[in-house]
Amino acid sequence: MSDAPLLAQLAGARTHVLRTVEGLNDHQMRRALVPSGWTMTQLLNHLAFDDEMFWISAVLGGDDRAIAALHNGWASEPMTGAEAVTIYKREIARSEEILAAVDLDAPPRWWPPATVFDAPPMSTGREVVFRVLAETSVHAGHLDIVRELIDGHQHLVVS
């Protein structure tokens, strides 16, 4: 079975995220517009640290650097929107290195303790990638809504 379609969908979702925040200034990126109070910068940190770093670098790749650096992406240190974009792109690049080197039929190389993630381990790397795809796609939609609230921009509208 070819993993190319799954990886292409993940790449497309990541591109969607980056295009949605493209051209926004720091005030726009750090402004909370939803009742729960998250900002675009925080959401990018969540995607970088809780999805790319946690699921791909740590869980799928067993990367000691990522495992040691794990933290709640939503609670990352305050930063500019541009810094959050840079970090997200850095973690995507690291994820791509890992994805090029792992067998997605094999089980993940590391699994977090129950105090971090209380669920049974996934059986294959493909399941891990699918989780990151689902998370990234859902959050791309969240970013679309906030972007529309900021300046009316709509990423995709089906009539």
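Rings of Phe, Tyr and Trp (its six-membered ring) are taken to pair if their centres lie within 6.5 Å, and planes under 30 degrees apart count as stacked, over 60 as edge-to-face and the rest as tilted. In these terms, Phe 54, Trp 55, Trp 110, Trp 111 and Phe 117 form one aromatic cluster. The model is a predicted one, in which local features need pLDDT of at least 70 and side-chain atom pairs count only at pLDDT 80 or more, while totals for chains, interfaces and linings use all residues. Residues are numbered from 1 along each chain as its sequence is written, and side-chain values use heavy atoms, with hydrogens and water left out.

Because Phe 54 lies in helix H3 and Trp 110 in the loop between H5 and helix H6 (125-151), the pair ties together parts that are 56 residues apart in sequence. With buried meaning under 20% relative accessible area, exposed over 50% and partly exposed in between (1.4 Å probe, protein chains only), Phe 54 is buried at 9%, whereas Trp 110 is partly exposed at 21%.

Helices (H or I, at least four residues) are DSSP runs, numbered from the N terminus. The axes of helix H3 (residues 40-60) and helix H5 (residues 81-101) are 9 Å apart, and the two helices pack at an angle of about 20°, where axes are lines fitted to C-alpha atoms over the stretch in contact and angles run from 0 to 180 degrees between N-to-C directions.
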